[in-house]
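Look at the sequence and the structure together. The paragraphs below go from whole chains to single residues.

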Amino acid sequence: MKQSQFEQRYRPQWQRLEAALQGLEGSRRRRRQAPLAAFAADYQSLCHQLALARERGYSLALQEYLNALMLRAHRQLYRQRAPLLPAMATFLGSGFPRAVRHLWRWHLISTLAFLLSALLVWGMILHDPELVHTVVDGDGLANLEEMYHPDLRDGAERDRATDLRMFGYYIYNNVGIAFRTFASGLLLGVGALLAMLFNGSFFGAAAGHLSLVGAAQPFFTFVIAHGAPELIAIMLAGGAGLRLGWAVLSPGSWSRVEALRRAAAETLPVMYGVLVLLILAAFIEAFWSPRELAPAVKYSVGALCWLALALYLSLAGRNRHGPE
Amino acid sequence: MLIDDQIHIDTPEGARLTLSPAGPLPRALAYGIDFLIRGVILLVVALPMTLFGEGGSGVYLVLLFLLEWFYPVFFEAFNQGRTPGKKRLGLAVVHSNGAPLGFNGSLVRNLLRAADLFPMFYLTGFVVMLISPRQQRLGDLAADTLVIHSPPPPALSGATDSEAEPPDWPLSRQDQQVLLAFSDRAGALSEARQQELAALAYPDLPPAAALQRLRRVARHVLGAA
């Protein structure tokens, strides 16, 4: 068959397919109106016609046209549109805690890096208060004291607008830090490890310094509740980052790229969860933590947060679909 | 024509898809366009929020966060793998088996952007892209995605209806391809260059006559007769 006869015979089919594709690639409303009755059949015969066009050596322009058409149709045919809400419920109910437990070794390492550096710096500062200057600079210290020291704080309750601004700030800053910690793990794990050590030292320095200047109670009543989701999220991000770095360092029986892909698939649910935890933390930090309440209330609510999260991460999603 | 580093994929239907991965330059340009668009959104939508007191600057910071991390994810997941910049440059992100990009794949490649950025100006991503045979940066490797050239679909040219003549030599498949390519591309070549090419086919004829004859033969192969 000559090329022009071939084109003439099948052109109506191609045009029908193009019309369907235009609908499918458009907005939701146009998608619903797309003429799809012949889509699958047209796509199948298009595959056949492209193979024929290549085999018979038809012009490159025709081959390119058919290839582009098939690429578009292939993309629409294999698109996944899972309903979002049920997927999110399953994820929070079981997917996230399972993904965290699956990587528990990495989270343990990142938690240890954080805790050990925090305790070390805390101890150093109790031993010699001047050492705080090696970790936090003058401005940072002034900020900390202004935020937590009973004599320096202005006694007035914060208003709603300030709460909202701080909420935005916590989202922008903390989620950014968590995402960067995760990504920097890809650089052979060094980035994530450094981030954990640095955050740990800073936390230790703040806690040590503030307890020395007599601001321990305001500090701990402020951080204890949102600290649960926030610190856990940062440690999970660090652990996930270390997992990525390890995939590159020691891919085992996979190629490095394949190992990286698997690690990314394992750690992605953790990062979704980190995002959820940090949004939760930002809510608590902006709207609950600054409230002036009796220390006993704040400590019990904070302890409850830690307990609930620990139970959730260690127990949720066990045995629903058999052993992990 | 693009440099031929094409990737061929066999689909379950037994057809062969051809993808051509995009290099650092068009991708950087697309990124630049997206960067400008983000800047404009920030100026027009987000920055005025700060006029509404402290609460407004909270909204501003949330928008800043969304623009920084989720702008590409949103467009890639819900707009056929294309941010506005990629669309302008005729690029699209797909999985390396040609399948469309979903939310997960897009999130992985965009979260790991922070690693590609290291230490500055996407240096890591650039080096990895040069090393990788399929022009992938770290985020692409982890998410198993490719950025491909996906220009607007070419239109089919209508059949010509002038006279044709059969070639006076036994036509091999390669000759057929050459003739078809000649008629496809003749529009983009100058008359002189076409004559030059025609003279290779018919060295005995004067260039103008050779071109006439070559056109007729090409039409015969195209099947207009």
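Into which domains is chain B divided? Chain B has domain 1 (7-149) and domain 2 (173-222), with bounds that come from an automatic or database domain assignment. The C-alpha centres of domain 1 of chain B and domain 2 of chain B are 43 Å apart. Chain A is divided too, into domain 1 (3-77) and domain 2 (84-315). Between the C-alpha centres of domain 1 of chain A and domain 2 of chain A there are 51 Å.

Some conventions come next. Residues are numbered from 1 along each chain as its sequence is written, while chains are lettered from A and ligands numbered from 1 in the order in which they are written. The model is predicted, and local features need pLDDT of at least 70, side-chain atom pairs count only at pLDDT 80 or more, and totals for chains, interfaces and linings use all residues.

Now take the place where the chains meet. Here 51 residues of chain B are in contact with 54 residues of chain A; two residues are in contact if their C-beta atoms, placed from the backbone, lie within 7 Å. On the side of chain B that touches chain A, the elements that give two or more residues are β2 (16-19), α2 (53-78), α4 (103-111), α5 (113-117), α7 (138-143) and α8 (173-185) of chain B. These names stand for DSSP runs, numbered from the N terminus: helices are H or I with at least four residues, and strands are E with at least two. The largest share of that side, twelve residues, comes from α2(B). By class, the side of chain B that touches chain A has 31 nonpolar, 15 polar and five charged residues. Ala, Val, Leu, Ile, Met, Phe, Trp, Tyr, Cys and Pro count as nonpolar, Asp, Glu, Lys and Arg as charged, and the others, Gly among them, as polar.

The axes of α2(B) and α4(B) come within 9 Å and cross at roughly 150°; axes are lines fitted to C-alpha atoms, for helices over the stretch in contact, and angles run from 0 to 180 degrees between N-to-C directions. From α2(B), the contact is made by B:Trp69, B:Pro72, B:Val73, B:Glu76 and B:Ala77, and from α4(B) by B:Phe103, B:Ser106, B:Leu107 and B:Asn110. The residues of this contact between α2(B) and α4(B) are six nonpolar, two polar and one charged. An α-helix has 3.6 residues a turn, so residues three or four places apart point the same way.

How many of the residues of α4(B) are buried? Seven of its nine residues are. A residue is buried if 20 or more other C-beta atoms lie within 10 Å of its own, exposed if 12 or fewer, and partly exposed in between, with C-beta atoms placed from the backbone. Among the buried residues of α4(B) are B:Ser106, B:Leu107 and B:Asn110.

The largest nonpolar core has 130 residues, and A:Met70 and A:Ala233 have the most contacts inside it. A nonpolar core is a set of buried Ala, Val, Leu, Ile, Met, Phe, Trp, Tyr and Cys residues joined through C-beta atoms within 7 Å. Not counting residues up to four places away in sequence, A:Met70 touches A:Leu46, A:Cys47, A:Leu50, B:Ala15 and B:Leu17.

A:Ala233 is also one of the contacts of A:Leu278, leaving aside neighbours within four places in sequence. A:Leu278 is in helix α12 (residues 256-287) of chain A. Why does A:Leu278 count as buried? It is buried because 28 other C-beta atoms lie within 10 Å. A:Leu278 and A:Val175 are 103 residues apart in sequence, and their C-alpha atoms are 6.4 Å apart in space.

Helix α12 of chain A also holds A:Tyr272. A:Tyr272 counts as partly exposed because it has 19 C-beta neighbours inside 10 Å. With neighbours within four places in sequence left aside, A:Tyr272 is in contact with A:Phe91 and A:Phe96.

Two loop residues remain. A:Leu188, in the loop between α9 (160-184) and α10 (190-212) of chain A, has a phi near 60°, a positive value in a residue other than glycine. B:Phe121, in the loop between α5 and α6 (123-131) of chain B, has a positive phi as well, near 50°. B:Phe121 is exposed because it has 10 C-beta neighbours inside 10 Å, whereas A:Leu188, with 15 other C-beta atoms within 10 Å, is partly exposed.
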